[in-house]
Amino acid sequence: MSIPLKPIRRVVTGNDAQGRSCVVYDSAAPNVNPGAIRPGTGMTDVWVYEESPAPLSGTRDDGNLPFSFEPPEHGGHLRIVQSPAKPPGYDLAKDKTAVPLHAPRQRPGGTWDKGGQNAFSSPVHQSETVDYGILLEGERVLILDDGEHVMRPGDVVVQLGNWHGWTNPRGESLMAFIMMGADPKA
């Protein structure tokens, strides 16, 4: 079940040729990816940086780069994720998007996946990243090995390369993620 994606206004500031602060971009974020990972969930990349420290020139729109679920290995991204609620009368047996839990498999971009997704839940996955997730609207449930953790607007999660999944059993959600490449051996 798809939800209409909310346009995300992006105001990017920088400096003009005289060194004065100014708005460089002010519009709906252009990098909108409906169904990028699974049907029904939309991801909007607001800004991506390839390395750290990030360049500040503002000469390129780093919010309109090719989509990749994973952030750059030595950089990061800011992404807004819009997820649908559990549909009324949901029947797992009729859900063509459902994938049962399975042995871990590595996706082409490097993220590990154990399945478990359905019309209102992400797959259980793990990536070599530090993720800051901030719930902006709705309610979302974080699934970890130790159980489920309900997140409400204003709640923040910091994920350190662990297995996790997300589900929306009671309503739609809007969540911001800052994901940065990390070293699992450090």
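The largest pocket is lined by 17 residues, among which Pro 71, Glu 73, Glu 128, Gly 181 and Ala 182 lie nearest its centre. The model is a predicted one, in which local features need pLDDT of at least 70 and side-chain atom pairs count only at pLDDT 80 or more, whereas totals for chains, interfaces and linings use all residues. Residues are numbered from 1 along each chain as its sequence is written, and side-chain values use heavy atoms, with hydrogens and water left out.

On a 1 Å grid over the protein atoms alone, a pocket is an open set of points with protein on both sides within 12 Å along at least five of seven lines, a cavity is a set of points where a 1.4 Å probe fits but cannot get out, and lining residues have an atom within 4 Å of a point. The space in the largest pocket is about 330 Å³, where a volume is the space filled by probe spheres set on grid points that are joined across faces, edges and corners. Its lining comprises five nonpolar, eight polar and four charged residues (Ala, Val, Leu, Ile, Met, Phe, Trp, Tyr, Cys and Pro count as nonpolar, Asp, Glu, Lys and Arg as charged, and the others, Gly among them, as polar).

The second largest pocket holds about 220 Å³. Of its 15 lining residues, Trp 47, Pro 55, Leu 56, Ser 57 and Gly 58 are the closest to the centre. Two or more residues of this lining come from each of β1 (9–15), β2 (21–28) and β4 (42–49), with β1 giving the largest share, three residues; strands (E, at least two residues) are DSSP runs numbered from the N terminus. By class, the lining of the second largest pocket divides into eight nonpolar, five polar and two charged residues.

One cavity of 30 Å³ or more is found in a search of the whole structure, and the space in the largest cavity is about 250 Å³. It is lined by 20 residues, with Met 43, Phe 69, Val 81, His 125 and Trp 166 closest to its centre. Both β5 (76–83) and β14 (173–181) give two or more residues to this lining, β5 giving the most, with three. Eight nonpolar, seven polar and five charged residues make up the lining of the largest cavity.

An open sheet is formed by three strands in the order β6-β7-β8, with antiparallel pairing (two strands pair if DSSP finds at least two bridges between them). Because β6 (105–106) and β8 (125–126) stand at the edges, each with a single partner strand, one side of each is left without a neighbour in the sheet. The antiparallel pairing of β6 with β7 (residues 112–113) runs over two bridges, and Arg 105 stands opposite Asp 113 in β7.

Key
Helices (H or I, at least four residues) and strands (E, at least two) are DSSP runs, numbered from the N terminus.
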